[in-house]
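Open the model in your viewer and keep the selection tool at hand. The stops below are meant to be taken in order.

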There are 2 protein chains.
Amino acid sequence: METVGTAVGALPRPGLRERKKQRTRDALVRAALELIATRGYERTTVDDIAAAVDVSQRTFFRYFASKEEVAFFVSRLAESHVVEAVRERPPGEAPLEVLRRAVLDSWDGINEAVEQLVPLELHMRVYRVIESTPALLAAHLRRATELEEELARIIAEREGLDVDADPRPRILVAAFGGVIRVAERRWSAGDDFSASAMRDLMTTCLDHVGPALAGNWRTNPALNRHNET
Amino acid sequence: METVGTAVGALPRPGLRERKKQRTRDALVRAALELIATRGYERTTVDDIAAAVDVSQRTFFRYFASKEEVAFFVSRLAESHVVEAVRERPPGEAPLEVLRRAVLDSWDGINEAVEQLVPLELHMRVYRVIESTPALLAAHLRRATELEEELARIIAEREGLDVDADPRPRILVAAFGGVIRVAERRWSAGDDFSASAMRDLMTTCLDHVGPALAGNWRTNPALNRHNET
DNA sequence: GACACTAATGTCAGTCACTGACAGTTGACA
DNA sequence: TGTCAACTGTCAGTGACTGACATTAGTGTC
């Protein structure tokens, strides 16, 4: 069934043209992230990025729809991992637990995948720029809500619900997403950039949701119980 | 006590120059919102808006830092009312209840204030454009997080906490904000654009937070109790 | 009421993100 | 080797936004 010369299958070798494209894309991503992390987003022009890879500005825009897009290349990778992890959770697990476990359990794998693309340290520097650049922060939040929408649909499907009829899937993911973002901010604001520090932060923040929403904080000032089924 | 010709106090009359500025600003807002609601955000250029008010493009940018800013003029007004309402909540009230009551109780007043600036119906059409335009949605979310930050600080102060040390204020507002956004979306997606419809939606969504975060949904599928003090 | 002072505005030139059109180059495949 | 299609570069143009400078128009003064 498989001829030798032609590319019948999809895997064996992508062909010179495809490999060249891949190389150009990677080079653009790396150059862009390095420039953004160093100079900041606003002070990095698309011309700079293109020049660093020695292609025309027009070519940059053939690979990325916008300057923003290249800044979120790594985030995009991470997000797809989370979605995958949520999809693979065993049925019957409680909704909040699905999200919690999916994020926490896939965390190490995510960081591994990122590292294969760019140094984790570079990604962190870029993340700080994202958090501190209004235009990028806005884009980040919009992307986050798109991800939340996808997760809400998955949760709804697991529970056999209609996302547009029952508000709970979206409410759960919105609350969850908000908490994750608090963790992200604390992570990028602190000085421990390790993956495990981020996981600890997420755990802590998630453990606080219930108590924070519950009545008077002064009657239960500290966090006493952690795990429930 | 009151002189006639000159502006002695600060209130009586702002002077011709100031009144002209106010008129120009209002005209720009109204023209912009009308154009955005009708043609959409992307198909409305700043030149269009300026031309509609018969001023130069440069003047537009002296009143608004960006094209986005004019689109959020009404939202900004509403936000300031919410902040005010949260500030005025009686001490001792539970944090989540502070937010809930502040939003719900000030809702009618907010809509009144908005109506004085532009027709409520126009604001709703603009809101739909905001929700459906990526660039505006992003800006909307960023503004929302800025508001959340402010609210977190107020809550922290009420409770005598340090926002950067105790994560609960930010977690609470993040979860709360997420839920409010779900309500906003359902409101703009539906067909009842009245203020009371929005209030009902918010109430319902807030009532669902607890149950949505709690364990297994199938054991408590419906929402049975609504009001507590 | 003429006069200086200053804030508001218009005009102009320039940067930067992004796009469509067209032409040149280069892998892919017979 | 030659044809075809995909990639790329160049160029021109739009639209958001900014700085510089000249012009206009309220404001307070004599």
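**The interface**

This is a predicted model. Select chain B together with chain A and show the contacts between them: 44 residues of chain B touch 44 residues of chain A. About 3900 Å² is buried between chain B and chain A, and carbon and sulfur atoms account for 67% of that area. Now pick out Arg168(B), Leu213(B) and Trp217(B), which together supply 21% of the area that chain B buries against chain A, more than any other three residues.

**Polar and charged pairs**

Between chain B and chain A the count of salt bridges is two. Polar contacts across this interface join six residue pairs, both residues being at pLDDT 80 or more.

**The helices of chain B that face chain A**

Colour α6 (95-117), α8, α9 (168-189) and α10 (195-213) of chain B; each supplies at least two residues of the side that touches chain A. The most comes from α9(B), with 12 residues. By residue class, this side of chain B divides into 26 nonpolar, seven polar and 11 charged.

**A glutamate in α8**

Move along helix α8 of chain B, residues 134-158, and stop at Glu148(B). Is Glu148(B) buried or exposed? Its relative accessible area is 15%, and because the cut-off for buried is under 20%, Glu148(B) counts as buried. Show what surrounds it: beyond its neighbours within four places in sequence, Glu148(B) is in contact with Val173(B), Ala174(B), Gly177(B), Gly178(B) and Arg181(B).

**Aromatic rings**

Over all chains the count is eight aromatic pairs. Select Phe60(B) and Phe64(B): the ring centres are 5.4 Å apart and the planes are at 40 degrees, so this pair is tilted. Phe60(B) is buried, with a relative accessible area of 0%, and Phe64(B) is buried as well, at 1%.

Phe73(B) has a relative accessible area of 18% and is buried.

For the last stop, go over to chain A and select Phe60(A), Phe61(A), Phe64(A) and Phe73(A), which form one aromatic cluster.

Terms used:
Residues are numbered from 1 along each chain as its sequence is written. Chains are lettered from A and ligands numbered from 1 in the order in which they are written. This is a predicted model: local features need pLDDT of at least 70, side-chain atom pairs count only at pLDDT 80 or more; totals for chains, interfaces and linings use all residues. Side-chain values use heavy atoms; hydrogens and water are left out. Helices (H or I, at least four residues) and strands (E, at least two) are DSSP runs, numbered from the N terminus. Buried means under 20% relative accessible area, exposed over 50%, partly exposed in between (1.4 Å probe, protein chains only). Contact means heavy atoms within 4.5 Å. Buried area is the accessible area (1.4 Å probe) that two parts lose on being put together, summed over both. A salt bridge is a side-chain nitrogen of Lys or Arg within 4 Å of a carboxyl oxygen of Asp or Glu. A polar contact is a pair of N or O atoms within 3.5 Å; within protein, one must be able to donate a hydrogen and the other to accept it, and residues adjacent in sequence count only if both atoms are side-chain atoms. Ala, Val, Leu, Ile, Met, Phe, Trp, Tyr, Cys and Pro count as nonpolar, Asp, Glu, Lys and Arg as charged, and the others, Gly among them, as polar. Rings of Phe, Tyr and Trp (its six-membered ring) pair if their centres lie within 6.5 Å; planes under 30 degrees apart count as stacked, over 60 as edge-to-face and the rest as tilted.
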